[in-house]
Amino acid sequence: MVRTRRGAVSWSAMLVGALAAGVTVVVAAVSSTSDTDPIVDFAGGGGLTAAEQHPITIVGATPAPGIPTGDFDRQGNPVLANCTTCHATRTANSVTRDGTQLNDFHQGLTTAHGELACVSCHNPDDYSQLRLASGEGIEFADSLRLCAQCHGPQFRDYENGAHGGMTGHWDLAVGPRVRNHCLACHDAHAPKYQQVMPVFAPREFHAHGSRTRAEGYE
Amino acid sequence: MSAPKKMSLPVLGEVDRRTAFKAAGATLGAAAFAKAMAPVVEWASHETSASEFLQKHFKELRPDELATVMSRLEDEARDEYGADVTIADYRPQKGVKFGYALNLSICIGCRKCAEACHKENNHDRVSGNSYIRVLEMDKGSLDLESGNAAYDHPVPQPDKFYMPVQCQQCERPPCVNVCPVEATWKEDDGVVVVDYNWCIGCRYCEAACPYHARRFNWTKPEVPAQEVNPNQGYLSNRIRPQGVVEKCTYCLHRTRTGRLPACLEACPTGARVFGNLLDPNSEISYVLRTKRVYVLKEELGTRPQFFYFFDT
């Protein structure tokens, strides 16, 4: 179980890998010592103590982003410029909401996330971080807390294992589980789940072979 | 009066007309009988071994007898499908009763669950069988019978919602009651199972199920060797013979070893919640405690252990 408290953050998180494919956060058991209620408490252990329980791994958190410089390193990976490379010398515009409003960079970035401005989530004092509504700066890997401050019902269900995809074991006494981070399914800048084409169209049994209804079976 | 006309047959030599017709009739009769019996003879000699014919009901098999049966089924899978499979008898766990819930606010109708079921459970590739049928429903209606399973356009559509339907693992399963040979029954963890070797294929259960959750193997399932899921349960996803009924078992070969069902793992949106109803800290208990869940066709009194809910 992971317990993160208001004010003092005690995520026991280990970052593995740093490319844009996503950071794996291994959530280990942390004992509770605070007098305040935990705001992150992943259920699903079935009342097991930490020692009896296999870990829950959360995948899909994005690391601190970077802007492609156009160069490639020896392995062929794009060289990214840190946000702070530019933003350390620029003053944040608190009303900017969309990449199209900017003169340089981020033009391709369109946002569809309520009425949020860039600095609603990004930390204008340190662009390598995000910022909570309280003013507290947090790491990109902790973005779950940022989402949670507005999306309470979803976060409540997520905490209780009733929101978000997962794989592995229902019984954590037997084996571990892998859970999706918010960002595994939702783009932070346009979080609405996109339409998809359905797979695996049903077929009807037919004496001369099976055909899908789309192919003209009546 | 002239002498009776003599006819000649190559084998019988000189015979009279009556004898000739008798012989011809007997020959044709024997040939027709052989032709008529050919499917039975073929079935008995190829499809059914003596040990399979004499196999006892699942519940009467001693452990060593069951082991022999499963070993024979593994050999058959190798002979007929060219696949090395492991068939085991997964038993219900003490203190575990499975429940499943599905969030209809989140399901987008992508049918990935149905596809995962198809692969996990070694379904016939030709008919594209799956234990899950995803219904596209008009918002504002919960009429199961008006749902459309054959939609073929981007999902989700704004005026629709999507309801996957599979076996509801009823507490009072009508399908079990109607089986004339007790080839299907409800186990202690709530899963309704079928002994495919005991089923006579009468399809009464299929007719009795109000959720259209049972499937019949009209043909011998076709599964390419490299696509056969080798992790198999005797009462779940082993390749079924032709002419028997099959159904969702909550992937008991996975879930009785603590794993999540294949349809849940495949769900890209996390609409599915699975767990132990007897554990108050489980995810499924949380859903039942805090969401306004409903069951399909509650008025029938089948008491499904599969629950639907909308985000609240």
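In chain A of this predicted model, strand E4 (residues 66–72) runs antiparallel to strand E5 (residues 78–82), and four bridges hold the pairing. One place to look is Gly66(A), which sits opposite Asn82(A) in E5(A). The hairpin that E4(A) and E5(A) make has five residues between the strands, and there Gly76(A) has a positive phi near 90°.

You'll find His106(A) in the loop between helix H1 (83–87) and helix H2 (118–121) of chain A. As a reminder, most residues other than glycine have a negative phi, and most peptide bonds are trans. Pro156(B) belongs to the loop between E5 and strand E6 (160–165) of chain B.

Now for a sheet in chain B. Three strands make an open sheet in the order E12-E4-E13, with mixed pairing. E12(B) and strand E13 (306–309) of chain B are the edge strands, each with a single partner, so each has one side without a neighbour in the sheet. On average, neighbouring strands here are turned by 20° against each other, direction ignored. Strand E4 (residues 98–103) of chain B pairs with E12(B) in the antiparallel sense, over five bridges. Within that pairing, Ala101(B) has Val273(B) of E12(B) as its bridge partner. Helix H9(B) packs on the sheet and touches E4, E12 and E13 of chain B, its direction making about 110° with that of E12(B).

| Strand pair | Sense | Bridges |
|---|---|---|
| E4(A), residues 66–72, and E5(A), residues 78–82 | antiparallel | four bridges |
| E4(B), residues 98–103, and E12(B) | antiparallel | five bridges |

So much for the individual chains; what about the interface? Here 51 residues of chain B are in contact with 36 residues of chain A. Together the chains bury about 3600 Å² between them, and carbon and sulfur atoms give 59% of that area.

The interface has two salt bridges, along with 17 residue pairs in polar contact. Helix H4 (112–120), helix H8 (262–266), strand E12 (272–276) and helix H9 (283–290) of chain B each put at least two residues on the side that touches chain A. H4(B) gives the most, with four residues. By type, that side of chain B divides into 22 nonpolar, 18 polar and 11 charged residues.

Over all chains, the salt bridge count comes to 27. One within chain B joins the side chains of Glu227(B) and Arg125(B), at 2.7 Å from N to O. Glu227(B) lies in the loop between strand E9 (215–216) and strand E10 (231–233) of chain B, while Arg125(B) lies in the loop between H4 and strand E5 (133–138) of chain B, so the pair ties together parts that are 102 residues apart in sequence.

How values were computed: Residues numbered from 1 in each chain as written. Chains lettered and ligands numbered in written order. Predicted model: local features only at pLDDT ≥ 70, side-chain atom pairs only at ≥ 80, totals over all residues. Heavy atoms only, no water. Contact = heavy atoms within 4.5 Å. Buried area = accessible area lost by both parts, 1.4 Å probe. Salt bridge = Lys/Arg side-chain N within 4 Å of Asp/Glu carboxyl O. Polar contact = N/O pair within 3.5 Å; in protein donor to acceptor, adjacent residues only side chain to side chain. Nonpolar A, V, L, I, M, F, W, Y, C, P; charged D, E, K, R; others polar. Pairing = 2+ DSSP bridges. Axes fitted to C-alpha atoms, helices over the stretch in contact; angles between N-to-C directions.
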